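I opened the notebook on a new model today, and here is what I looked up, entry by entry.

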Amino acid sequence: MASRSAQKKREFFLALVRKVGPLPTSALASAESPPRELVRSTQDTSVQLATRVPKNLHRALRLYCVRAGVSLMEFVMQALEEKLAREARQNRRRTRAD
């Protein structure tokens, strides 16, 4: 028999599916845990990042990731990479202008 915590998670997920609609298969696979090859490939090179965000932003982010079929980790990593690349481009432009 599933624990209460697992049952609550399942109920939450099912309610989310009813509200959002059908989910891509990739979202269902990533809802439980990341693929083993991803865990192995990132274990040695990754660090854990803990941060606080407003509850409404976190909820919107989770819903976006479910709809897009990407994991929260993948989304955050890509967003950080894009932001750093954009900042680097802006800094290069400023340096050239000076």
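**Entry 1: the fold.** I counted five helices and zero strands in this protein, taking helices (H or I, at least four residues) and strands (E, at least two) as DSSP runs numbered from the N terminus. Along the sequence the pattern reads α-α-α-α-α.

**Entry 2: what I am working from.** This is a predicted model, where local features need pLDDT of at least 70, side-chain atom pairs count only at pLDDT 80 or more, and totals for chains, interfaces and linings use all residues. Residues are numbered from 1 along each chain as its sequence is written, and side-chain values use heavy atoms, with hydrogens and water left out.

**Entry 3: confidence.** I checked pLDDT, the predictor's confidence in each residue, from 0 to 100. The mean for the protein is 78, and 71% of its residues reach 70 or more. Helix 4 (residues 55-68) has the highest confidence, at 94, while helix 2 (residues 25-30) has the lowest, at a mean of 50. A note to myself: where pLDDT is low, the predicted coordinates should not be read in detail.

**Entry 4: surface and burial.** I found an accessible surface of about 8900 Å², with 55% of it belonging to carbon and sulfur atoms; the areas come from the Shrake-Rupley method with a 1.4 Å probe, and for residues only the protein chains shown count as cover. Of the 98 residues, 9% are buried (under 20% relative accessible area; exposed is over 50%, partly exposed in between, with a 1.4 Å probe and protein chains only).

**Entry 5: the salt bridge.** How many salt bridges does a search of the whole structure find? It finds one, counting a side-chain nitrogen of Lys or Arg within 4 Å of a carboxyl oxygen of Asp or Glu. The partners are Lys83 and Glu87, at 2.9 Å, N to O. Both sit in helix 5, four residues apart, about one turn of the helix. Lys83 counts as partly exposed because its relative accessibility is 39%, and Glu87 does too, at 29%.

**Entry 6: two patches.** I looked for patches, made of residues with over 30% relative accessible area and no salt bridge, joining like charges within 9 Å and nonpolar side chains (Val, Leu, Ile, Met, Phe, Trp, Tyr) within 5 Å. Leu49, Leu72, Val76 and Leu80 make a nonpolar one of about 340 Å². Val76 lies in helix 5. The other is a surface patch of positive charge, formed by Arg86, Arg89, Arg92, Arg93 and Arg96. For charges, Lys and Arg count as positive and Asp and Glu as negative, with His and the chain ends not counted; the place of a charge is NZ of Lys, CZ of Arg, CG of Asp or CD of Glu. Arg92 belongs to helix 5 (residues 72-97) and is partly exposed, with a relative accessible area of 45%.
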